[in-house]
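Work through the exercises below with the sequence and the model in view. Each task is followed by its solution.

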Amino acid sequence: MPATGEAERAPNIDGAVWEAAGARAKSEGLPLIWVMSRALTEYAAGTLPLPRITTSTRAGNRRGRSVFATNDVWAGADERRTKAAVRSMSALCEILLDAYARGDIHPYARMVTTAQREALTAPRPPVGTGPAGTTPVPVAA
């Protein structure tokens with residue numbers, strides 16, 4: 001069921017990618033449709049880089065899968081994917097879900113790459129242990 005302002009879209013996504021992403025989402029207690037929506041939102045906002053920009057070249061078992069996004073998110077993602085030379089929105093959605101299934105992107109209050117997640121979760125020195133008792137300030141990735 002779409003959230004307020006979202007519309008249903010039906011990008012063609014390979015069945016194996018959809019199933020693999022669904023298995024990970026289920027193991028994390030998340031709805032796959034939510035994962036796809038968050039990935040598109042973060043990608044459209046420019047906060048989620050693509051780990052790669054190609055999908056499988058085999059014909060595969062692609063068919064329309066339900067995903068939900070606002071018109072602004074869909075248009076923003078479409079604009080970014082065009083600049084990144086990703087051939088279609090279907091290919092973009094498949095790339096994002098494949099990256100999620102492989103563990104290259106993660107839900108972390110927002111979708112992040114593995115490198116971004118590691119930077120966010122890296123151990124930090126205890127408060128007051130910096131130079132002259134200063135507290136280290138985290139830098140956004």
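**Helix packing**

Helix 2 and helix 3 are oblique to each other, where oblique is what remains once angles under 35 degrees (roughly parallel), over 145 (roughly antiparallel) and 65 to 115 (roughly perpendicular) are set aside. The model is predicted, so that local features need pLDDT of at least 70 and side-chain atom pairs pLDDT 80 or more, while totals for chains, interfaces and linings use all residues. Residues are numbered from 1 along each chain as its sequence is written, and side-chain values use heavy atoms, without hydrogens and water.

**Exercise 1.** Find the angle at which helix 2 and helix 3 cross, and the residues that make the contact.

Step 1. Helices are DSSP runs of H or I with at least four residues, numbered from the N terminus. Helix 2 covers residues 32-45 and helix 3 covers residues 71-83.

Step 2. Axes are lines fitted to C-alpha atoms over the stretch in contact, with angles from 0 to 180 degrees between N-to-C directions. The two axes come within 8 Å and cross at roughly 60°.

Step 3. The crossing of helix 2 and helix 3 is left-handed: the near helix is turned anticlockwise from the far one by less than a right angle, whereas clockwise would be right-handed.

Step 4. Contact means heavy atoms within 4.5 Å. Helix 2 contributes Leu40, Thr41, Tyr43 and Ala44, and helix 3 contributes Val73, Trp74, Gly76, Ala77, Arg80 and Arg81.

**Exercise 2.** Describe where the charged end of arginine 80 sits.

The charged end of arginine 80 lies over the ring of tyrosine 43, 4.2 Å from the ring centre. The criterion is NZ of Lys or CZ of Arg within 6 Å of the ring centre and within 35 degrees of the ring normal.

**Exercise 3.** Work out how helix 2 is placed against helix 4, and which classes of residue meet there.

Step 1. The axes of helix 2 and helix 4 (residues 89-102) come within 10 Å and cross at roughly 110°. Helix 2 is therefore roughly perpendicular to helix 4.

Step 2. Their crossing is right-handed.

Step 3. From helix 2, Leu32, Val35, Met36, Ala39, Leu40 and Tyr43 meet Met89, Leu92, Cys93, Leu96, Leu97 and Tyr100 of helix 4.

Step 4. By class, this contact has twelve nonpolar, no polar and no charged residues. Ala, Val, Leu, Ile, Met, Phe, Trp, Tyr, Cys and Pro count as nonpolar, Asp, Glu, Lys and Arg as charged, and the others, Gly among them, as polar.

Notes. Helices (H or I, at least four residues) and strands (E, at least two) are DSSP runs, numbered from the N terminus.
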